[in-house]
Structure formats: structure tokens, C-alpha cells
Amino acid sequence: MAAITGLAAFPGAFVTSSLSSAATAPALKALKPSPRMPVLFVGHGSPMNAIEDNAWRRSWQAVGAELAARAVQPQLILCVSAHWLTRGGWQLTGMANPKTIHDFGGFPQALFDQQYPAPGAPQVARSLAAELKSPATGAALGVDEGEWGLDHGTWSVLKPMFPQAQIPVMQLSMDYSRAPAEHYALGQQLKGLRDRGVLIVGSGNIVHNLRVTRRGTAANEAYDWATEFDTVVQEQIKKGQLGALQDFQKLGAVAQQAHPTHEHYLPLLYAAGAVLPTEMPRFFNTGYQSASISMRSVLWG
């Protein structure tokens, strides 16, 4: 697998390309009450999944088509990606036209040519930043008005799902200096946004260890520790034990093998925090990429 340079990217870590003009639809200035939107956790795996005709991408397309067929569409997509890490606080993207970030290296030019010109929602970002509170300090969140954008954890899955890029997209960073319990707590604050037209999307991987990938393996092939960790998480989700997900490090060595660094696991905690106790999960993409990346994804609601 080619190198991915944005695995633990902090603002200013690299220069990103500019984005062509975003959709010309009227800017989203405020969220309105709506039927409850679903919650997604998507295992995104290799950035090449965004352009290859494989089972993972086809599944994303099918889920997007299913959501698009619902009577009410999201007003906003709020995505928590494994690839936007901050320290000293959380941030929301607050630019009108978020750029498409190609935070990887060594892939074909066709992948770097990809753009996802979804609009942002600056006024909503400022409102939500004041409404949501840091679990660490109780302070308001920050608003990034120009540095970040949509990294590949976001656009690589949203482009197959919502190819017209008409729904405004906002990213929420993850303060990587904070404990998993705080990430779950912030996810719980997102719960109410679902009744205001916000589709919550966590994008990471339940198992993610690039150090031991084996290229060319089948979707049902994985290391024993990978299947063990994935199975534990699956059972917790199936049983509605979503609060237990924040204690993954208590699994010890198997957790360390599944996540030498845990930025790809944390988006699951945001998605799980936004789920209601009565909501049943639906799994899709229940396989592995390169033997050490779980592509398991979940839809609630």
C-alpha cells in the first residue's frame, strides 16, 4: 500500500491544492428542525477505494442511493475523519468553499485529480462552535476559516455516496491529546443535531495497522488479532454497549496491534456517541483490506 502522509496530520503539516468553485446553491445559514437523520461509521481504508470499482466503493454508492431515496435529505453532513487531528482543542471547518485535501503520497495521478466541491456552511459552523463544548474544558470549539478543508477520510467516502456534492459538508477535528472518553462525550453532544437535519459520519477503521499490511489478500483474510479486535467491537455494537467502545485500550496487546496509533478508531466513538439507545445497527462492508484493515461499517437510524 502506498504511503499515506496524513495519518496524524496537524494543521500546517502540508500544503494542499486549491479547489474549484463549490456548488452555487444558496448558503446554509441555519439548521432547521427535521426528521431524525441517521448516523454512519464508515471504514474508509485505502484512498484508492475512492476511484476503484471494488466492493467497498459499490457498497458506499448503494448506501448513498438509499439515503438519497429517503423523503427528507440532510441539510448538512458533519464528518469526523481520522485525518484531521488537532491538539489543545477541537475545531470545525468554517470556510464557504472547503478545498479537497490530497493527504497521501505514492498513488496514481488520477487520485490526486479528484475533487469534491461540496459547499461549506460558515454561519452554521460559528453557531455550532459556540453550542458544542470541549469535554476537557467546557470551552467553545474553534472555527478554522481557511487552513483545512475536506481530507480523504471525508471526500473518499462522500464522493461515491453523494457524487453531486450538493449537501454542505463540515469537518470536526479530533483533539488527539485527549482521552477516548472525551471523544465519546463530544459525540454524545452531536446527538441533538440529528433532529436538525445533520447527517453524522465517522470515517476511520475499526482495525488499522499499516505496518503489517499484506497486499493482494482476500476480504475474508486477516490476522488473528485483527479478527479478534473486530469481533469484540462488533459484539459491543450489536448489544448496544456503545459506551464500552471507549474502553478499547483495556483489551491490551490486541488493541495495540489493531491500532499502533488510534486515530482511525476515534471516529467510531463520535458516531457511537450520537446514537440513541433504541437504534439498531446495520453492518456493511464486513471484511478486511490488506489483512490488517477492517472495513466494517455501520448505519444507525
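Colleague: How many bridges join strand β1 (residues 39-43) to β14?
Modeller: This is a predicted model, where local features need pLDDT of at least 70 and side-chain atom pairs pLDDT 80 or more, while totals for chains, interfaces and linings use all residues. Residues are numbered from 1 along each chain as its sequence is written, and side-chain values use heavy atoms, without hydrogens or water. Strands (E, at least two residues) and helices (H or I, at least four) are DSSP runs numbered from the N terminus, and two strands pair if DSSP finds at least two bridges between them. β1 and β14 run antiparallel, and the bridges joining them number three.

Colleague: Which residue of β14 is the bridge partner of Pro281?
Modeller: Strand β11 (residues 281-284) pairs with β14 in the antiparallel sense, over four bridges. For Pro281, the partner in β14 is Trp300.

Colleague: Are Ser297, Val298, Leu299 and Trp300 of β14 buried or exposed?
Modeller: Side chains alternate between the two faces of the sheet in a regular strand. In β14 (residues 297-300), Ser297 and Leu299 point to one side, Val298 and Trp300 to the other. Buried means under 20% relative accessible area, exposed over 50%, partly exposed in between (1.4 Å probe, protein chains only). By that cut-off, all four are buried.

Colleague: Which are the edge strands of the open sheet of six strands?
Modeller: The order is β8-β2-β10-β1-β14-β11, with mixed pairing. Two strands of this sheet pair on one side only. These edge strands are β8 and β11.

Colleague: Which residue of β10 is the bridge partner of Gly43?
Modeller: β1 and strand β10 (residues 198-204) pair in the parallel sense over five bridges. Gly43's partner in β10 is Gly204.

Colleague: At what angle do the axes of α5 and α8 cross?
Modeller: Axes are lines fitted to C-alpha atoms, for helices over the stretch in contact (heavy atoms within 4.5 Å), and angles run from 0 to 180 degrees between N-to-C directions. Residues meeting across α5 and α8 include His183 and Tyr184 in α5 and Leu269 and Tyr270 in α8. The axes of α5 (residues 180-189) and α8 (residues 266-273) come within 6 Å, and they cross at roughly 35°.

Colleague: Which side chain makes a polar contact of 2.9 Å with that of Gln171?
Modeller: Gln171 sits in strand β8 (residues 169-171) and is buried, at a relative accessible area of 0%. Its side chain has a polar atom 2.9 Å from the backbone nitrogen of Asp151. A polar contact is a pair of N or O atoms within 3.5 Å; within protein, one must be able to donate a hydrogen and the other to accept it, and residues adjacent in sequence count only if both atoms are side-chain atoms. The side-chain partner at 2.9 Å is Thr154.
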